[in-house]
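Here is a set of questions and answers about how structural terms are applied. Each answer sets a value against the rule that defines the term.

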Amino acid sequence: MRMSQWAQETFGQRVPLIRQGVAEALAVALENALDAQKVAQTDHLHPFGFTLMSRKFEALAEAFEDLGDVRIIKPGGSQHELVVLDGKLLFPFRYAKDRSVNVMSARIGDGRPSALVQALFDRFGPEPRMRQLALHEVAPHAVPVAEALGELPDDTRLVLIAYACNAHSGLLDAWWGEAELLDRTGSLRWHHCEEIPLVQESAVPAGREGEAAAFDQGVPPAPQLNPRTGAARLGAPVAEPLPFGPEAASGA
């Protein structure tokens with residue numbers, strides 16, 4: 001399978017292995033969130049959201065815990081464990097709940113970026129192409145968090161994993177790449193962004209077809225990923241990725 005230059009430079013020949021592990025970790029997190037929503041027996045989506053928030057980090061750690069060059073860290077001030085794979089810190093976040101948002105316009109979070117997020121971009125993000133966001137301008141507490149990340153080498157690189165999903169249509173798409181943090185609202189400027197191919201199966205969970213159509217205003221949802229248990233199932237067929245860089249934003 002063809003690899004982009006960015007992916008090969010970032011992860012070497014293990015790109016297919018790592019890319020599929022990421023896709024399946026997202027599938028597990030989503031499956032667990034859907035299970036939590038079902039058990040809660042409520043129309044409110046809090047169980048789905050809270051479960052997804054935690055499980056996306058845990059599932060990534062589980063997917064790669066057996067690789068020899070993986071570190072699982074829990075920075076001070078964070079409730080979540082982060083995966084550092086061969087010097088690349090993987091940070092997943094949901095950028096959209098439907099197909100109305102282009103990933104090139106993604107924001108990291110729904111409000112002001114947390115102190116941890118700001119510290120990660122400041123220490124491990126790419127060299128800014130625009131005005132750098134000074135930590136003291138946004139969150140004074142980000143500086144102690146940055147100091148808590150001191151155990152990681154300075155050449156650690158922040159790799160973002162942006163995905164769109166909802167409780168009705170499942171996982172819609174997923175992307176990875178590198179970006180800089182622009183402002184207090186969490187806006188990003190991508191230096192590189194490419195699609196992660198998803199393991200495809202059924203279109204929508206049984207009994208939810210009507211909900212999905214209403215949620216996405218008639219646009220057919222993307223197929224949902226295969227659920228899995230335990231470590232990532234590597235070797236399942238995947239689609240060819242669609243790499244693109246920030247220059248594509250002008251034509252979007």
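Q: What makes helix H4 (residues 115-124) mostly covered?
A: Helix H4 is called mostly covered because eight of its ten residues are buried, where buried means under 20% relative accessible area, exposed over 50% and partly exposed in between, found with a 1.4 Å probe and protein chains only. The buried residues of H4 are Ala 115, Leu 116, Val 117, Gln 118, Ala 119, Leu 120, Phe 121 and Phe 124. Helices (H or I, at least four residues) and strands (E, at least two) are DSSP runs, numbered from the N terminus.

Q: What kind of model is this, and how are its residues numbered?
A: This is a predicted model, in which local features need pLDDT of at least 70 and side-chain atom pairs count only at pLDDT 80 or more, while totals for chains, interfaces and linings use all residues. Residues are numbered from 1 along each chain as its sequence is written, and side-chain values use heavy atoms, with hydrogens and water left out.

Q: Why is Cys 193 called buried?
A: The relative accessibility of Cys 193 is 0%, and the rule asks for under 20%, so Cys 193 counts as buried. Cys 165 counts as buried as well, because its relative accessibility is 1%.

Q: How many disulfides does the rule give?
A: A disulfide is a pair of cysteine sulfur atoms within 2.5 Å, and by this rule the count comes to zero.

Q: What makes a group of residues a nonpolar core, and which members of the largest one touch the most others?
A: A nonpolar core is a set of buried Ala, Val, Leu, Ile, Met, Phe, Trp, Tyr and Cys residues joined through side-chain atoms within 4.5 Å. The largest has 36 residues, of which Phe 11, Val 22, Phe 64 and Trp 176 touch the most other members. Helix H2 (15-40) is one of the elements that each supply at least two residues of this core, and H2 gives the most, with eleven residues. A second, separate core of 32 residues includes Ala 106, Ile 108, Leu 172 and Trp 175.

Q: How do you know that strands E4 and E5 pair, and in which sense?
A: Two strands pair if DSSP finds at least two bridges between them, and E4 and E5 pair in the antiparallel sense over seven bridges. Within this pairing, Ile 161 stands opposite Trp 176 in E5. The two strands form a hairpin with three residues between them, whereas strand E3 (residues 88-96) and E4 pair in the parallel sense over eight bridges.
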